Structures are given as structure tokens and as C-alpha cells.
Amino acid sequence: MGMTDVLIVGAGPTGLVLACDLAGRGAAVRIVDRSPVPPRTSRAKGPNARSLEILDDLGVAEEVLAAGSAPLPMLKYRDRLPVAETDPWADSAPSPDALYDRGRLIAQWRLEEILRDRLAGYGVRVELGREVAGLAEGPGGRHVDVTFAEGRTERARYVVGCDGAHSSVRKLLGIGFEGATAEDQVMVCGDVDLADGALDRTRWHQWFDEDGAVMLCPIPGTRTGWWFQAGPERDGRGRPLAPTADGFRRLLARHTTLPGRALTGAEPLSTYRVNVRMADRFRAGRVFLAGDAAHVHAVAGGLGMNTGIQDAFNLGWKVGLVLAGHAGAELLDTYEEERLPVAARTLDLTSERLRATLEAIRRPGGGLDAAITSDTTGLGVGYRWSSLARGLAEDPRPGDGSPDAEVRTARDGERPAPQPGDRAPDAPCVDAVTGARTRLHRVFAGHGTTVLGFGPGSAAALREVAAAYGDAGVRTCRVYAAHEDRAESGPGAAVVDDEGHAAAAYGTKASDGTGTGTGTSTLVVVRPDHHLGLSAPADDTRSVPAYLHRLHGGTRSAEGAAERFSGIGGRRR
């Protein structure tokens, strides 16, 4: 029986991002989905700012930006009359440390098309119409035997369930999915066509009345397509009725000035109930859960698909390093350690945003903008509590290190130097060799850990890092200040921080700006998922090698690495 490295179950955005990430690392990946054809539903309205960074790393951000549109101003109505217009992003702009300050509107089916095309470039195609019916750990726990509904059994080193809220993988593992479904919080949804010119397509239209609501958002890339969301019709006993095209027409005529016949088509249709649940655990041996299979929550803030994409980006590099022999299997323990608290925080955040939205729409002029805050960009999510963000004595950082603490920092608008576990800031810079403009996230893009060196004193340490861990996929990048002498070239990449944004973002003072290099030299370790691992003075001969050994220790590629760092301090003066 052949063996694949990773079998991904579920070909939505979470599964496709994971598949692209792992395929790009050279892993043997297969991805299956029970659906006989790719779904054509728009569903999620698009990636948030942090997910755009991830899609950029995967090489598809430009295509996503071209296929989608910017978030639209929201036009709110009461009793069929417009009463307010709000642009939630009016005061937002890209910054040096974040190229994307807002998400992108794009139909989920179109995003999935883009990801499937990217995956096909690696020679991997989604296997449709394949449903997992059984999972069994192989002898010695070295693989998983996966049985499909058609009776075939296939073997994989790891399995990841990305198969949604009704996950077969989670059920087969017997993992609990505790939480609650709010039967009284119901919405009918669908992709609809409106008569050409029926509504202004540069606005997200929202009618909130005392007896119901209708929301219509144009679907980018279509001429007459719209996302339709509404409070349901109800029977004589107040029970919600199943959605139908005629029902949508009646809702449209009741709440808007459009006649029902303006809705010329509606497919597919669905009923959404607020469902707040989370898996007891995200891992059982060699099987992992990600996305809606691991957590579902209120739709407010648009974090469902985005949290799944970010699950995938956290898990992919860890599985990839282990498969390549560049990290020990214990690294996989940090997936649940890091992502389960984020999921728990997201459940709380979205429930709070839903409460705020329901409160806002009671008043004329209130709308879905109440669900949007700085938290919903995803840029403030980090892992300060993680064992990968702790000091060498294995003690947590000062402070509680909780997801709530990080959200509070983002909300307060402070920009202190990033701490271990935080998202690594971006910064515009110049390629020191070609002179072309680039940015740090472009340097990070790909599949390895990156060690940045600020200041002349970092040069020797970067050479040692390259010699000790270059074979394990660790890359180095010297960050020069604008007027710093660049005569000494070392291994790896080199960029010029010509506007000082990189030094400002990472809280370093690598040079005094005159080229004399009298400032502090600093090493910064950035994980493959663009989160900060460690920042330390370049003459600290212990911290960086110890951290890299934590990521890559216990493997063939790490043998003798710590010893190769010996004497760095003596050679770096």
C-alpha cells in the first residue's frame, strides 16, 4: 500500500491553503472532498487583512485582489428610506508594517478556484466525490489508515480534517464539539441575481426594520450577482420557514422599494443559525482538525473562513518541518497549544460583535459596521503564551500572555516593539544586491525560518546561523541601515532599511544613522508563519542557538548545531 505524507479531508479555503503550503514545501499531499463537484456558493465574503498576508506568502494575493473588490460603504435603510451611510474603513490606510489594512470582497467559490489553480501548479488536484468513512492508527502509531465510503483503504503519515462543522473526521475520532445553537437567531442566505441596474453596486445595502431585515451585497466579478441575507419568513406559530426564491422575492418587496420580480434568480439557498461550538481538542495522534471542523462561531466580523486559513498557516510549516526531518515531532504539539486559545477568543469576540450588531440595528442608521473592529483584521493575533514564545528558562513572558491581553494592546492603538509570539511586522526596504524595492514579508515568504540581523555586530552571528542551520531550512537576512557600510557581504539575503521602518517596527537601534554602527546589534528570529520567535542582542551567544535548537533540535539536520555556535561572542567584536 502506498503512503502519502498528508491527506487533507475537505477542499474549502482551509484545506486548500494547507495543501498549497505543504505542496510548496515538497510534501506529498492529497486532498479529498465528499462533494462530487466544487461548490458554487459565495458564502464567506472574503479574506481579512491577515489572511491576505498568508495568501501573499502562497503567491496568490495579486490574483485575489484582481478578482475581488475593496470592502464597500454600507447604506442603511429604515422603512424603505435611506437613513445613513457608513464606510467602516474610511479612517484606515496601509502602513509600513501592514501592507493590507482591510480585507477583500471575493466570492468563496472564486477564492477556491484561485487556490485550486495554485495547487494544480504543484501537480495536486482535489479528489472529488470521496468521503472518509473510517480512521485507524497503524502499528506503532507510524501512520493512519483511512477508509473511504467506496471501500478503499489508503495510508497517510498525517491526516487533517478540514471538512467543516459537520466534520466526519472529528466524529470518527470521537472528539466532542461542545457549545450551543441559538435556534432563535436565524438568517436565510443565498446567491441571487437582481435585474441589471436595480441597485447601486458600489454599496452594501442594508434594510433593518422592526419586523425583519434584508441585506444585499454585490458579488465581485459578476454583473448581476448579489449576496442575499435576511430574517426568515415565519409561519403562523412564528417558526422560520425554509428559504425559497419566492420567499426571497416577498422579503425584498416587504422591506425595500424593489418589486419582487427584480430578483430574477436565487441559488443556492440556505438557513444560517448562530452556532457557537469548539472541539475539545484539535489533535488525536496523527490526525488534526482545522477550520470549522475545530470551531464555529457567530458570523459577525467575518472571521470564520479567516480563522480556518490561519489555522492552516500555523499547522503547515510545523508538519512540513517534521516531514523533512528538520524538526522533532514534539513541534506538532504547539498547533493545538497556539490555535485552541485563539479559537476560544474568536468565539467570544464574534459573540460580542453579534450582540453589538443586534443592539445597533434596533436604531435607525445601525448596521453591520458594528461588527467591524481592529480585532477583525486578524493582524493583532499572536501566541505570546506559547512554549515557542517563552524564555530559555521555559517561563512565560511577563504579563498574562493571553489572547485577551493581545487584543487589548491592539485596541488601545499602541505600537510597542513586538514580543515573541506576535505577528512579525512588515516593512518596506530595498534589495541590497539588485536595488529593487521589496519588503520584509517578501523576504519571509517561502517555507523557512528567517533570522534577521540588525547592525554590524550581527554579521558573524548570521554566518554561524547559516553554517549551523542552513541545511534545516533556516535563512538569514542582513538588514542594513540607510548609511551603513555594506562592504562586508555575508550569506543569505540582504536588504537596506532605507526609510528606517524595519528598525522602528522591531524596536532595534542597529545604527546611529551615520554609518558608524555605534548602535545595538540585534538578531530577530521569525517563524515560517511570520510570527516572532525571538529577539536578542547579537552578542548574546546563547539565546538564538537555543531557540533554533528548540525548533529544529532532535533531528539529523540539527546534530552538532549548538556546538558550531561556540565562540561566536569571541569572534564578533
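Q: Which residues does Leu115 touch, not counting residues up to four places away in sequence?
A: Let's start inside this predicted model. Not counting residues up to four places away in sequence, its partners are Pro13, Leu16, Val17, Cys20, Leu55, Leu58 and Val60.

Q: Is helix H2 largely enclosed or exposed?
A: Buried means under 20% relative accessible area. The buried residues of H2 are Ala49, Arg50, Ser51, Leu52, Glu53, Ile54, Leu55, Asp56 and Asp57. That is nine of the nine residues in the helix, so H2 is largely enclosed by the rest of the structure.

Q: What covers the buried residues of H2?
A: Look around residues 49-57, which form this helix. The cover includes strand S18 and several helices, among them H1, H3, H4, H7 and H10.

Q: Which residue just after H2 takes a positive phi?
A: Follow the chain just past the end of H2. The phi there is about 85°, and the residue that takes it is Gly59.

Q: Which residue in S7 stands opposite Val132?
A: Strands S6 and S7 run antiparallel and are joined by five bridges. Their hairpin has six residues between the strands, and Gly140 takes a positive phi near 70° there. Across from Val132, the residue in S7 is Phe148.

Q: Which side chain does a polar contact of 2.8 Å join to that of Arg157?
A: Arg157 lies in strand S8 and is partly exposed, with a relative accessible area of 31%. Beyond four places away in sequence, the residues it touches include Met3, Thr4 and His143. The polar contact of 2.8 Å links the side chain of Arg157 to that of Asp5.

Q: What separates the C-alpha atoms of Thr520 and Gly455?
A: Thr520 lies in the loop between helix H12 and strand S22, and this residue is partly exposed, with a relative accessible area of 46%. Thr520 and Gly455 are 65 residues apart along the chain, and their C-alpha atoms are separated by 6.6 Å.

Conventions
Residues numbered from 1 in each chain as written. Predicted model: local features only at pLDDT ≥ 70, side-chain atom pairs only at ≥ 80, totals over all residues. Heavy atoms only, no water. Buried < 20%, exposed > 50% of the residue type's maximum accessible area, 1.4 Å probe, protein only. Helix = DSSP H or I, 4+ residues; strand = E, 2+ residues; numbered from the N terminus. Contact = heavy atoms within 4.5 Å. Pairing = 2+ DSSP bridges. Polar contact = N/O pair within 3.5 Å; in protein donor to acceptor, adjacent residues only side chain to side chain.
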